[in-house]
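Please keep the sequence and the coordinates in view while reading.

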Amino acid sequence: MESLKYTEILQLNKELAKESYNTDFSAKILSNVTVNSFKEIIEYSLRLKKINPKIEIGNFDNIVQDSIISSDCNLVFVFYDILNIIDNVSGYFESLDENSILELAQKIKSEIDLILINLKATPTVIFNTFSAASIVSPFVNQTRLEQFVASLNDYLYGLTAKNLVLVNIDKIIFELGRAQVFDFRFYQSSKAPYTISFFKTYIRAIESTILKVTGKVKKAIIFDCDNTLWKGVVGEDGIENIQMSANTSFGKAFYDVQCIAKHLSKNGILVGLCSKNNLSDVEEVINKHKDMILSNEDIIIKRVNWNDKATNLQEIAAELNIGVDSILFVDDSDYEINLVKERFPDLKTFQVPKNSYLYKNGLLDFVYQNTSLVVSVEDLKKTEQYKEQFVREIAKNNFDSMDSYISSLKIKLDIHKNNQSQVPRVSQLTQKTNQFNLTTVRYTEIEIEEFINSNTKHVFTAAVSDKFGDSGLTVVCIVFIDKDGAIATIDSLLMSCRIIGRNIEFVFMDQVFQFLRSVGVKIIDSKFISTAKNNQVSDFYEKLGFSVIKKSDNHKEYSLDIHQYQNSTIEYIEINKNY
Amino acid sequence: MENQKLKILEVMSSVFEVELTSLNEESSIDNIENWDSLRHLNLILALEEEFNITIPDEEVGDLVNYKLINLIVNEQSK
């Protein structure tokens, strides 16, 4: 993946999309930064594993709200990025006072809890750890931001949700370097901080998790012997001249590898041998060589003979009753590796590096990516668990439901009607809003101005703020009233996606209808026009109590007797009317 | 030169998910429906990787048709 260019990935992904495999897999990406280029990359990675991906990207910066509606996926990614979090509070984090930082940390921890509660039925949640690396910091000591990030990460590592997998973003940044990971050109305009290289390496970071959750994790690792488990060729050099001792410069790498292999066998991964040798020579090494770490107990199967290795591996798979593609194969020879690859393209191989000092880390990377050998998170957690439990209970008590969470935000709506100064913003919103937009009619500033100056057309807006910040003018409703003043038609209703999921729309419509009632309107007509992006509001008017009076494929018309309308019962949103 | 043209069109084809055969020197943001702001960002990244160039900040927003892309690729490849 990392050696491919982005265009190549797009092309290969498109090619593979024509195939249809037996396994379907759905994932949703929730994020507070733009990560759209990740979609095709993860799709391609899944298709390579013969899985049909269904990847959806959630609404921008709507992680908590979206987590409610995402629980039916196989997997949810959470990119809760520190960049956007701190941008919302200050241009320079170090200038914040301690109290605001504590309050912010508390808010984020509560949100993490809420997200995980909402996603508790989701089989797997991949949550990225927080990283301070996007902002330059001095080489000495710790900045407030680093401290803040460390406390959030401590919190994450203390969580006990069984479906949670934490991806350590800092490790990816170590590997690639800051300049390769972040590209701030598109951050101001599109909130997209990550490079394509970042996403490609990210795929490597989540490989073992993906294999696990798709049931494609490797179950066995089969080693060649000569120059793979020990240095030298036993049949030629003799048992006394091969090396695998921790105390010799040539043997050390092989000693390390044997320790790893032994650990694998002790942790549920089948370890076997496949070698072109005389069985008696290999047996003698295993039984008698003083530096041998692996013992017969660790080795579940041996194919030591002069047959070709592809056939041997096939037999090993049959005997172990696993697929050939569940096997990992380690060998030093180009010839054997290529032969096996050619016969079984899905069997993953690792070739022992020519420089033996690269062997240990290379093998570890291979093993970590392909097996479920991750230091048992459960074990690591247990000690920390009790300590953290206490803190978390407090946070959870704060918000045991979505409603109490929303009400804790102390949302305020500033509602305006026909406000001249808002013309540019209103027009811009009609141009830009796609998801929460009932009719998706685009208006120029001149048109909006005409509505505002007319007696029968009204432009309602709401500016939204909460205790953590100001989202600005983000809701628009345009209503036309007929000549007699009895029938009002909702021409447009739209809301920026940043504030979806907070029940703002219901409270806002209460106010619009209250006004219409006060000027003598009896009937309200409205319509929904379906587009590629506004499916989430397809039943919005039904929710408000409207009846459908006409319906076609992509179009619904509604009507409502205004006296039948029932106000929402929401009390936690404060209204400030400016008309 | 023809090679470069083909490469640019290939990048556009994969980023915007349109058939290569439907693209030509007249292709632009006005006649490619999928060309939205997010894909535009991917286009820039893909072009940079493909031609091993860096597209200057102030040019990013201007690359709205094949001819302008070709121009900037020529300029930056020097």
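A:Ser454 counts as partly exposed, because it has 13 C-beta neighbours inside 10 Å, and a residue must have 20 or more to be buried and 12 or fewer to be exposed. This serine belongs to the loop that links α20 (445-453) to β13 (457-466) in chain A. A:Asn418 lies 36 residues from A:Ser454 in the sequence, and the two C-alpha atoms are 9.4 Å apart in space. The model that shows this arrangement is a predicted one.

For the complex, the predictor reports a pTM of 0.72 and an ipTM of 0.80. In chain A the mean pLDDT is 90, with 95% of the residues at 70 or more. Chain B also has a mean pLDDT of 90, and 99% of its residues reach 70 or more. One segment of chain A calls for caution: over residues 375-396 the pLDDT stays under 50, and the model has 13 contacts beyond four places in sequence for this segment. Where pLDDT is low, predicted coordinates should not be read in detail.

Chain A as a whole is built from 22 helices and 19 strands. Taken along the principal axes, its C-alpha atoms fill a box of roughly 105 × 55 × 40 Å. Of the 579 residues in chain A, 37% are buried. Among contacts in this chain with a separation of 6 or more, 71% join residues 24 or more positions apart.

Within chain A, helix α12 may be examined in detail. Helix α12 covers residues 252-266, 15 residues in total, and its first and last C-alpha atoms are 21 Å apart, close to the 21 Å expected at 1.5 Å a residue. Which residues of α12(A) are buried? They are A:Ala253, A:Phe254, A:Tyr255, A:Asp256, A:Val257, A:Gln258 and A:Ala261. The packing partners of these buried residues are β6 (220-223), β7 (270-276) and α16 (359-370) of chain A. Just after the helix, A:Gly268 adopts a positive phi of about 85°.

A:Asn227 sits in the loop between β6 and α11 (234-237) of chain A. Although A:Asn227 is not a glycine, its phi is positive, at about 60°. This asparagine is partly exposed, with 16 other C-beta atoms within 10 Å.

Attention now turns to chain B. Chain B has four helices and zero strands, and along the sequence its pattern reads α-α-α-α. Its radius of gyration is 11 Å, close to the 12 Å that the globule rule gives for 78 residues, so chain B is as compact as a globular protein of that length. The C-alpha trace of chain B spans about 30 × 25 × 20 Å along its principal axes. Buried residues account for 31% of the 78 residues in chain B. Of the contacts in chain B with a separation of 6 or more, 45% are between residues 24 or more positions apart.

Helix α4 of chain B comprises the 12 residues 66-77 and reaches 16 Å from first to last C-alpha, close to the 16 Å expected at 1.5 Å a residue. Its buried residues are B:Ile69, B:Ile72 and B:Val73. These residues lie on the same side of α4(B), because they cover an arc of only 105° around the axis. They pack against α1 (2-16), α2 (37-51) and α3 (57-60) of chain B.

The loop between α2 and α3 of chain B holds B:Asn52. B:Asn52 has a positive phi of about 55°, although it is not a glycine. Is B:Asn52 buried or exposed? B:Asn52 is exposed, because there are 9 other C-beta atoms within 10 Å.

The final topic is the meeting of the two chains. In the model, 14 residues of chain A are in contact with 14 residues of chain B. On the side of chain A that touches chain B, helix α1 (residues 6-17) gives the most, with five residues. The residues on this side of chain A comprise five nonpolar, six polar and three charged.

Key: Residues numbered from 1 in each chain as written. Chains lettered and ligands numbered in written order. Predicted model: local features only at pLDDT ≥ 70, side-chain atom pairs only at ≥ 80, totals over all residues. Helix = DSSP H or I, 4+ residues; strand = E, 2+ residues; numbered from the N terminus. Expected span 1.5 Å × (residues − 1). Arc of directions from axis to C-beta. Contact = placed C-beta atoms within 7 Å. Nonpolar A, V, L, I, M, F, W, Y, C, P; charged D, E, K, R; others polar. Rg over C-alpha atoms; globule rule 2.2 N^0.38 Å. pLDDT = per-residue confidence, 0-100.
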